[in-house]
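Student: I would like to go through how the labels on this structure follow from their cut-offs. Please show it first.

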Amino acid sequence: VFGTGLLVWHVYCDKKNVPEAQRAPASQTLLSGFLATLAGAYAGGSIANYLYGVRAWHILHGVRWVINDDETKAMLRAVEREELASSRRKKRLPYTVDFLTRIKAHLDLDTPLDAAVWACVTTGFYAVARIGELTVRTLASFDPGIHVKCCDWRLERDRNRLEQTIFFIPRTKCAPGGEDIYWATQQGPTDPAAAFRNHLQVNTAPDDARLPLFAYRFKDAVKLRPLTKHAFITCLATAARAAKLDPLQGHGVRIGGTLEYLLRGKPFDVVRTIGRWQSNAFLLYLRKHAQIMAPYMQAEPALHTEFVRITMPPVR
């Protein structure tokens, strides 16, 4: 995206006959004209990313960024108001427990692909993980130094004997050194523990710790096949259509897991920790705001006190 922004910047400067020497450092007037020209032609978020691409270009080459932040923020707010409705991306709908339960009925968990996909989607949902962290882009792109492997999962118990299943992702979007995701056993048909056990049984792997964790047997091939994001989405879409449901996008898994924990009354900070967010960016994923906030807004003191007792940690 930054590269695209830099390209658009130079195209704009070429059309305006702006000399090379005036493109970096860019002046406030030139940059404001750039943003104004793009307003209404692109989504506000895209234009903001184009701006940040030009800024990153300055920083990378040690050129001073002499732009007034307040004026630029005002310009970006104006740009957002000018964007066309057609340029806005539709909000990704969340996966829900009900949606997962209904598509499960149209998966054959005795077949290798369906078993791997079901284990992957329930892990992503209850661990609030990105599907790109659990799948690969192409069959040839699996990298043991980046993708989760058979040796990257473990069981841990705390002092109260509560058990968590933990998966180490060697590299993630926000943690180049890797980080853990985790889930606990759940009640009902979407239990990730049962799904994961079934996957390990159906897709019995050779004694090779460096194989992809969600690899599956493909026809009569001796070697297990890595689960690609395309195969994952296609399998779930087929099951959704069979259940007479509209297929959902992969990112809806992470959104759905966030929503599920919030609807259970889990504190916002706990959900942020589960999803590994460093900020409150996960609030962008909120759906069903009234249902999530309902327990916090009750007038009956007894109900509110009970809610706080359950959701807040004890005072030490």
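**Labels and their cut-offs**

Tutor: Tyr52 sits in helix H3 (residues 44–60); helices are DSSP runs (H or I) of at least four residues and strands (E) of at least two, numbered from the N terminus. The model is predicted, so local features need pLDDT of at least 70 and side-chain atom pairs 80 or more, while totals for chains, interfaces and linings use all residues. Residues are numbered from 1 along each chain as its sequence is written, and side-chain values use heavy atoms, without hydrogens and water.

Student: Why does Tyr52 count as partly exposed?

Tutor: Buried means under 20% relative accessible area, exposed over 50%, and partly exposed in between (1.4 Å probe, protein chains only). Tyr52 has 39%, so partly exposed applies.

Student: What makes Trp9 and Phe34 an aromatic pair that is edge-to-face?

Tutor: Rings of Phe, Tyr and Trp (its six-membered ring) pair if their centres lie within 6.5 Å; planes under 30 degrees apart are stacked, over 60 edge-to-face, the rest tilted. For Trp9 and Phe34 the values are 5.1 Å and 90°. Trp9 is in helix H1 (residues 2–15) and Phe34 in helix H2 (residues 28–38), so the pair ties together parts 25 residues apart in sequence. Both residues, Trp9 and Phe34, are buried.

Student: Why is the pair of Phe167 and Phe196 edge-to-face?

Tutor: The ring centres are 5.3 Å apart and the planes at 85°, so the pair of Phe167 and Phe196 is edge-to-face. Phe167 lies in strand S2 (residues 163–169) and Phe196 in helix H7 (residues 192–202), 29 residues apart.
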